[in-house]
Amino acid sequence: MIERHAGGERVILVALDFGTPDFAESVAELRLLAAGAGLDVRGEVQGKRNRPDAALFVGSGKADEIAALVAATETDVVIFNHELSPAQERNLERRLHCRVIDRVSLILDIFASRANSAEGKLQVELAQLQHLSTRLVRGWTHLERQRGGVGMRGPGEKQLETDRRLIGTRVKALRERLAKLGRQRRTQRRSRARQNVLSVALVGYTNAGKSTLFNALTRADAYAADQLFATLDTTTRKIYLPQVGEVVLSDTVGFITRLPHDLVAAFRATLEATAEADLLLHVIDSSSAGRERQIEAVEKVLHEIGADAVPQLRVYNKLDLTGVAPGVARDEYGRLQSVYVSAQTGAGLELLREALSEILRAGRVQHEAGAPDDTSLQTEVISE
């Protein structure tokens with residue numbers, strides 16, 4: 001009988017370059033994920049391949065290199081910056097003699113440690129169970145279909161079926177509870193709509209500075225830190241804007257490239273609030289060399305949840321690292337083109353408030369007049 005290795009905090013990071021242009025950025029992001037999870041990184045292994053190896057993902061020679069480093073550094077876990085199949089994880093664990101997880105599992109683990117609200121915990125548990133349900137046979141050979149011999153056929157398979165049934169029952173219960181919470185949230189949104197209260201949702205790549213900007217605009221104390229997925233639970237506050245009145249501002253979970261599908265599905269009820277917002281404040285890290293890729297990652301998730309049609313106000317964050325001064329620019333037709341502010345220092349925040357007032361006021365006038373939405377309202381805001 002072979003049990004899975006227990007795991008631990010001492011890790012080795014593995015990343016393969018398959019010719020993608022963002023390889024270096026992806027590796028840097030993996031390091032940030034590991035640091036955010038509080039792991040002790042003992043080493044890194046990188047390599048190049050045309051395609052993943054079917055059995056070991058990295059190939060036999062690279063697997064031996066990783067195994068030698070694992071033994072030399074007394075590593076507990078090897079983390080791959082890729083999505084591994086259950087068979088690849090099983091084969092690698094047998095070859096490396098330690099726990100092996102992929103990028104998806106690492107992100108799910110971080111989400112599990114950061115969720116604070118009851119709904120957030122339910123969403124993360126649902127995502128973890130959905131991910132686990134495909135991997136029950138990968139490491140516990142006593143749960144697999146037995147290989148033969150008297151008394152060795154059947155019981156293991158029954159145990160596996162029992163595990164799957166228990167997971168299925170729990171997943172159904174979690175979905176029902178999340179659906180109930182979703183209905184309550186929709187009732188609250190309808191109540192705000194009847195009161196003619198406009199809503200703005202902050203969206204963006206993880207660690208782009210959404211929570212810092214949220215705190216600056218609302219004078220709230222939402223947790224903000226220089227790490228990936230510092231906050232998961234949606235926070236909502238009211239702010240007052242001139243000539244608009246009270247506006248509901250929501251800070252949502254950050255996105256990331258290759259965000260696990262199960263995680264998007266689990267957080268769909270929460271993210272749907274962005275699809276019903278009057279304006280999305282898309283916060284972008286202007287100092288990042290991969291900002292265009294990050295923008296694409298956010299736009300992809302917004303498309304998945306049906307929020308891509310909502311007007312956007314783009315916020316390029318971390319202005320102090322770019323040397324751009326606060327200010328306002330308009331296009332040749334006099335429409336708001338960009339606003340430059342610093343959420344960290346407060347410089348230009350009044351300009352941002354005026355920009356929000358202008359866009360929301362124009363949207364309200366169009367709505368009351370029954371005019372179609374003006375897609376030109378998608379504006380860029382530069383923020384710190």
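Select strand β1, residues 10-17, in this predicted model. Where does I12 stand? Pick it out: I12 is opposite V78 in β3.

You now have an open sheet of four strands, in the order β2-β1-β3-β4. The pairing is parallel. Strands of a sheet pair through backbone hydrogen bonds, either parallel or antiparallel. Turn the view and follow the twist, which averages 20° from one strand to the next.

**Helices across the sheet**

Which strands does α2 lie across? They are β1, β2 and β3, and the helix runs at about 165° to β2.

Next, select α3, residues 86-96. This helix lies across β3 and β4, at about 145° to β4. Show the side chains of Q88, E89, L92, E93 and L96, the buried residues of α3. Look down the axis of α3: these residues fall within an arc of 130°, so they line one face of the helix. What do they pack against? Step just past the end of α3 to H97, which takes a positive phi of about 60°.

**A pair of helices**

Move to α1, residues 23-36, and α4, residues 103-114. Their axes come within 10 Å and cross at roughly 35°. The crossing is left-handed. On the α1 side, select S26, E29, L30, L33, A34 and G36. On the α4 side, select R103, L106, I107, I110 and R114, which they meet. By class, this contact has six nonpolar, two polar and three charged residues.

**Two loop stops**

Go to E74, in the loop between α2 and β3. Its phi is near 55°, a positive value in a residue other than glycine. Is E74 buried or exposed? Exposed means over 50% relative accessible area, and E74 has 53% relative accessibility, so E74 counts as exposed.

Finish at Q243, in the loop between β6 (235-241) and β7 (245-251). Q243 is not a glycine, yet has a positive phi of about 65°. Q243 is exposed too, with a relative accessible area of 64%.

Notes: Residues are numbered from 1 along each chain as its sequence is written. This is a predicted model: local features need pLDDT of at least 70, side-chain atom pairs count only at pLDDT 80 or more; totals for chains, interfaces and linings use all residues. Side-chain values use heavy atoms; hydrogens and water are left out. Axes are lines fitted to C-alpha atoms, for helices over the stretch in contact, and angles run from 0 to 180 degrees between N-to-C directions. A crossing is left-handed if the near helix is turned anticlockwise from the far one by less than a right angle, and right-handed if clockwise. Contact means heavy atoms within 4.5 Å. Ala, Val, Leu, Ile, Met, Phe, Trp, Tyr, Cys and Pro count as nonpolar, Asp, Glu, Lys and Arg as charged, and the others, Gly among them, as polar. Buried means under 20% relative accessible area, exposed over 50%, partly exposed in between (1.4 Å probe, protein chains only). The arc is that of the directions from the helix axis to the C-beta atoms. Two strands pair if DSSP finds at least two bridges between them.
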